[in-house]
Amino acid sequence: MQIQTIATNWKLIRETDQSEYTCTLPCDNLSVLLTAGAVPDPYYADNELVVQWVGDEEWTFSTEFELDKTFLQKSQLFLQLDRIDTFSEVYLNEVKVGSTKNMFIRYRFDVSRAVRAGNNRLRIRLASPVQAAVELKKQLPYPVPHQDYPVQAQGRNLIRKVQSHAGWDWGPCLMVSGIYEQVLLCATPLERIEAVHHDAALTETKEYLWHLKVYTEIFSREAGHTLLRVECAGAVSEQQVELRPGPQQVISELEVKNPQLWWPSGYGQQPLYELRVVTPNDTSRQNIGFRSIEVLTEPDDYGIGMVFRINGRNIFAKGANWIPPDALPARHSPKHYEQLLESARQANMNMIRVWGGGQYEYDYFYDICDRKGLLVWQDFMFSCALYPSSPDFLENVRGEAEYQIKRLKHHPSLVLWCGNNEDIGALTWFKESRENRDRYIIDYDRLNEGVLGRAVRKLDLQRKWWSSSPSAGEGDYSDCWHDDSKGDMHYWSVWHEGKPFEAYYEVTPRFCSEFGFQSFPSVESIRNFTPPEQLNITSPAMEHHQKNERGNSIIISTISRYFRFPQSFEEIIYLSRVQQAMAIQTAVEYWRSRRPVCMGMLYWQLNDNWPVASWSSLEYEGAWKPLHYSAKRFYAPRHIALIFNTDKIEVHGINDNFEALSGSLQLDLYTFDGKLVQHSLETSTLPAESSSLLKTVAIPADREFRATHFYYARFTPDTPNILPLENSRLLMRPKECSIHPTTIRSEIIHSAEGIKLRLRSDTPAFFVVLEFEGLETGALHTGPPEDAAPVRFSDNNFTLLPNCEKWIDIVVDGNAALFEHTAETLKQTLKIHALRSF
Ligand code: BMA
């Protein structure tokens, strides 16, 4: 296949006044205008409102390119658009060659009638997505409502575009249009490969024979012959194929002997093997992994569990929900995705849920997950809405689902196809669907089981089809926000319903695919979008960067329930972040201690798509919030959890690994002035793949006792190269504890191994949070987040015991400039926060 990338000479034309802007693909219209200085930064203050007109208008991407005449001698000439958003008409030399209406489908248009040797002009005219949705809404025979957020484009559920482009409770409404992967002009003398997908089964366990059934979809314009060769891990299959005009599928079978198994992160390696399909005129290359996957959702004593079993072992899933990492698609890049997913891996996550209000991700997202061992729970892109079931809509979605399944199926990281996000719940959210439930359930079922479920069952024999998140299981439409007994749960009672953190102890989800607590972004990040005179959480700029209607009041009221009231802006920001970590840690530690009843959890949400107050653990610019540092500890494969419930602390030893760990368990009782009043040390073992109660300590009811003491636990493994596990526990809400004033002394040391920080405190210090402020290398950064290189610490948001030295590495990946700062400058910009007692 001859391929020419049409990347240069592009211009974007505004149809209303024919103004022109030069651009390079891939890009979106808003990013082009931003680069040209034609619109203000939509992420600053409330500029989002000022740029709304962009989504209301029509835009044309146009270019001219030269073509060699050898191209024209080929039997097939086609234009390939992998990701075009959304409604367009495509003209080559003023001949219309095709149109698009779904950003989740790859389009290949025959251009043989239009293309010519020498100069060619390609023009792609994009209709307004806002107007397209309004038009479709007018044609509906009855209302099909969706959830509304503060700035909202109407009718987003009627168009096949990233649903959160229309606004969300953490994201701006930016109804961009654009072309998000390179435009390709392709020529082949005969056949082309449309798709390659395969099923793999372990057929014989003595020699570990894997049977690969490879489906190659070929398209030819003419009759003829071709030779199809399929290779993987040394196994080869070759066959002559008789081509007929049009599409056809060829099946090849191979036996691969004894490949190494692919495991999720924390459980083993991620070896990948190339699956190569070659014809004389086209080649497909995919990296595949050998592993079995079962998702067990059988009835048991507690209801219906949800367990991901890989290579015959039950995996405890730990992770977070993923949203598109930028509201401006032009800023998506492999480098940025790599940074975010590496942060997930470093926080000991092994699963990411690609949430249904975003997008089927780029190939590079899944490649990174394959390499890092991050399992992918893949939603289909439907969220928080009812959807139409007109034949047109269903047919459009059928094409989308089949295309995406074939595109993504070879990734070993992909473990589940899920129909949507919260659309079962949505059946109860709107007056229309409450009053006419049957009508909307039928519509739901036509799309969900009728199109999506059917596509999965037809095309992916390996993977489970799960109708929705949350869902209690097939055909069950019950409330998975409050019933923890079946399937996956979204537990939102602490955030949205205002229950205390202890309410996490009232449920044991079988699998919790969403639970979350908001915080503000760092002061550095806030400065990026807020004018200096508005550094106040009720200022217009900061309220605009809070998209959950009650968000700021929930944060503030929770601070007042748990902490002494903050005295400065910085302290509000700090406490909001500490309490977010506390909330999620409470849930995770308890639910992990309930293994095997609970077998997984994904908090809401990993990342942000602009700088905003949200539930994320990573800031838009990539910096780790205190929650992310805590996640690194509470998601570690081995962990000591201190569960304090009413009158006792239970010490749970959690071990996801395949081997038991023996060591000694130390449990110390301290007073806040730093005196050790009780010490115990005993040998102990964390049994493999389980959670076990190691010890229970009764806590006196006496308020005075509880207000003046805390527990510290440490498990020191017998194996010298495994680091000790630590945890600590207050016995009352922090505001009720008489924590002593603390002075933390710090020293920064440059050495050959890197920059280190030494900390020491005279009295116990809690929620010690380190950050650099005002360093250009910090989160302070405007422009694409991939260029930001936030500083990380090897540990953060921890308890510092008195008179113990704590050494921290300052991690500067991709940020060599940090080394150039003297220890003195670093020290001046280092901020050390800890809980205050007055
Ligand atoms: C959920 C998600 C999102 C939303 C979040 C916070 O249930 O699925 O739609 O952003 O809660 O409200």
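Which residue lies over the face of Phe798? Select Phe798 and look at its ring: Lys806 lies over the face, at 4.5 Å from the ring centre. A charge counts as sitting over a ring if NZ of Lys or CZ of Arg is within 6 Å of the ring centre and within 35 degrees of the ring normal.

Before going on, note that this is a predicted model, in which local features need pLDDT of at least 70 and side-chain atom pairs count only at pLDDT 80 or more, while totals for chains, interfaces and linings use all residues. Residues are numbered from 1 along each chain as its sequence is written, and side-chain values use heavy atoms, with hydrogens and water left out.

**Rings**

Select Phe658 next. The charged end of Arg313 sits over the ring of Phe658, 3.9 Å from its centre.

Now select Tyr504 and Phe515. They form an edge-to-face aromatic pair, 6.4 Å centre to centre with 75 degrees between the planes. Rings of Phe, Tyr and Trp (its six-membered ring) pair if their centres lie within 6.5 Å; planes under 30 degrees apart count as stacked, over 60 as edge-to-face and the rest as tilted. Tyr504 lies in the loop between strand S31 (488-490) and strand S32 (511-514), and Phe515 in the loop between S32 and helix H10 (523-529), so the pair ties together parts that are 11 residues apart in sequence. Helices (H or I, at least four residues) and strands (E, at least two) are DSSP runs, numbered from the N terminus. Tyr504 counts as buried at 1% relative accessibility, and Phe515 counts as buried at 0%. Buried means under 20% relative accessible area, exposed over 50%, partly exposed in between (1.4 Å probe, protein chains only).

For a cluster linked by ring pairs, select Trp322, Tyr337, Tyr362, Tyr364, Phe365 and Tyr366.

**Strands**

Select residues 293-296 and 307-310, strands S21 and S24, which pair in the antiparallel sense over four bridges. Two strands pair if DSSP finds at least two bridges between them. Leu296 stands opposite Val307 in S24.

Arg309 has Asn314 in S25 as its bridge partner. S24 and S25 form a hairpin with two residues between them, and Asn311 in the turn has a positive phi of about 50 degrees.

Move to strands S26 (residues 317-322) and S27, which pair in the parallel sense over four bridges. Ala320 stands opposite Ile352 in S27. From S27 (residues 351-354), Met351 and Arg353 point one way and Ile352 and Val354 the other, and all are buried.

On a 1 Å grid over the protein atoms alone, a cavity is a set of points where a 1.4 Å probe fits but cannot get out, and a pocket is an open set with protein on both sides within 12 Å along at least five of seven lines; lining residues have an atom within 4 Å of a point. Grid points are joined across faces, edges and corners, and a volume is the space filled by probe spheres set on the points. To find this cavity, select Ala385, Tyr387, Asp423, Tyr444 and Leu447, which lie nearest its centre among 14 lining residues. Helix H9 (residues 437-459) gives the most to the lining, with six residues.

Last, the second largest pocket holds about 1,400 Å³ of space. Select Arg106, Arg108, Glu194, Ala195 and Tyr403, the closest to its centre of the 44 residues that line it.
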